[in-house]
Amino acid sequence: MTTSISGVQVYYYSVCKRKLWLFSKGITFENEHDRVLEGKVLHERSYPYLERKEQLIDNTFKIDAVEGEYVREVKISSKMANADRMQVLYYLDQLRQRGVNKKGLISYTKERKTEEIELTPVEERKLKESLQKILDLLDQPIPPPFKRLPYCNQCAYHSFCYAREETEE
Ligand code: SF4
């Protein structure tokens, strides 16, 4: 039975439940590495003035940066705004459980905008429900069925998910 959840898994839960399952079972593909590298470069360039970049909390999860009362995350675009939001709420909740109360700021570099995130009681409840659903999903022996999504062609699992369709054409 799965017991711990990461910020990436919370993010994937909002993006695609099949992706979450595949990733969590260790099924990954090469361009996942490209994305990691892309994220690394983005983070290096985004906060050169912040002393405390990439904080590893309790050897469990990483946050991009801490600035005053805010936990900061930097993303390329707001295409996955809901998933970004859930990920930051997860970090805020994890920090709160350790006695640290912060708000979140997500900076979208492409659109040059910043969104403030607060862990209200309503958000906290929603997050807890999602975490439980993630645990239930990860206990399933097979992945959720493939469902075409608008961003499938940018997904590392594209060839995997579409393989059968392509051979049937
Ligand atoms: S290709 Fe589409 S369905 Fe498959 S894991 Fe990625 S987003 Fe989900």
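At what angle do the axes of helix H4 (residues 81-97) and helix H5 (residues 121-138) cross? The axes come within 10 Å and cross at roughly 100°. Axes here are lines fitted to C-alpha atoms, for helices over the stretch in contact, and angles run from 0 to 180 degrees between N-to-C directions. H4 and H5 are therefore roughly perpendicular to each other, in a scheme where angles under 35 degrees count as roughly parallel, over 145 as roughly antiparallel, 65 to 115 as roughly perpendicular and the rest as oblique. On the H4 side the contact (heavy atoms within 4.5 Å) involves Arg85, Met86, Leu89, Tyr90, Asp93 and Arg96; these meet Glu123, Glu124, Leu127, Lys128, Ser130 and Leu131 in H5. The residues of the contact of H4 with H5 comprise 5 nonpolar, 1 polar and 6 charged. In this division Ala, Val, Leu, Ile, Met, Phe, Trp, Tyr, Cys and Pro count as nonpolar, Asp, Glu, Lys and Arg as charged, and the others, Gly among them, as polar.

The model is predicted, so local features need pLDDT of at least 70 and side-chain atom pairs count only at pLDDT 80 or more, whereas totals for chains, interfaces and linings use all residues. Residues are numbered from 1 along each chain as its sequence is written, and side-chain values use heavy atoms, with hydrogens and water left out.

The protein has 6 helices and 5 strands, which follow the pattern α-α-α-β-β-β-α-β-β-α-α along the sequence. Helices (H or I, at least four residues) and strands (E, at least two) are DSSP runs, numbered from the N terminus. Of the 169 residues, 43% count as buried; buried means under 20% relative accessible area, exposed over 50%, and partly exposed in between (1.4 Å probe, protein chains only). Among contacts between residues at least 6 apart in sequence, 64% join residues at least 24 apart.

Helix H1 (residues 7-15) and helix H2 (residues 17-24) pack at an angle of about 145°, with axes 6 Å apart. H1 contributes Val8, Gln9, Tyr12, Tyr13 and Val15 to the contact, and H2 contributes Lys17, Lys19, Leu20, Phe23 and Ser24. By class, the residues of the contact of H1 with H2 are 6 nonpolar, 2 polar and 2 charged. Within H2, the residues Arg18, Lys19, Leu20, Trp21 and Leu22 are buried. Just after H2, glycine 26 adopts a positive phi of about 85°. Cysteine 16, in the loop between H1 and H2, is buried at a relative accessible area of 17%. The C-alpha atoms of cysteine 16 and proline 144 are 9.4 Å apart in space, while the two residues are 128 residues apart in sequence.

The structure holds 4 aromatic pairs. Rings of Phe, Tyr and Trp (its six-membered ring) pair if their centres lie within 6.5 Å; planes under 30 degrees apart count as stacked, over 60 as edge-to-face and the rest as tilted. The rings of tyrosine 11 and tyrosine 12 have centres 6.0 Å apart and planes at 55°, so this pair is tilted. Tyrosine 11 and tyrosine 12 are both buried. Phenylalanine 146 and tyrosine 162 form an edge-to-face pair, with 4.8 Å from centre to centre and 70° between the planes. This pair links distant parts of the chain, 16 residues apart: phenylalanine 146 lies in the loop between H5 and helix H6 (158-168), and tyrosine 162 lies in H6. Phenylalanine 146 is partly exposed at 27% relative accessibility, whereas tyrosine 162 is buried at 8%. Ring pairs also link Tyr11, Tyr12 and Phe23 into a cluster.

Among the strands, S2 (residues 61-67) has 5 of its 7 residues buried. S2 and S3 (residues 70-75) run antiparallel and are joined by 3 bridges; strands pair if DSSP finds at least two bridges between them. Glutamate 67 stands opposite tyrosine 70 in S3. The hairpin of S2 and S3 has 2 residues between the strands, and glycine 68 there takes a positive phi near 60°. S3 also pairs with S4 in the parallel sense, over 6 bridges, with valine 71 opposite glycine 104 in S4. Strand S4 (residues 103-108) is mostly covered, with 5 of its 6 residues buried. In the loop between S4 and strand S5 (113-117) lies arginine 112, which has a positive phi of about 50° although it is not a glycine. Arginine 112 counts as exposed, at 78% relative accessibility.
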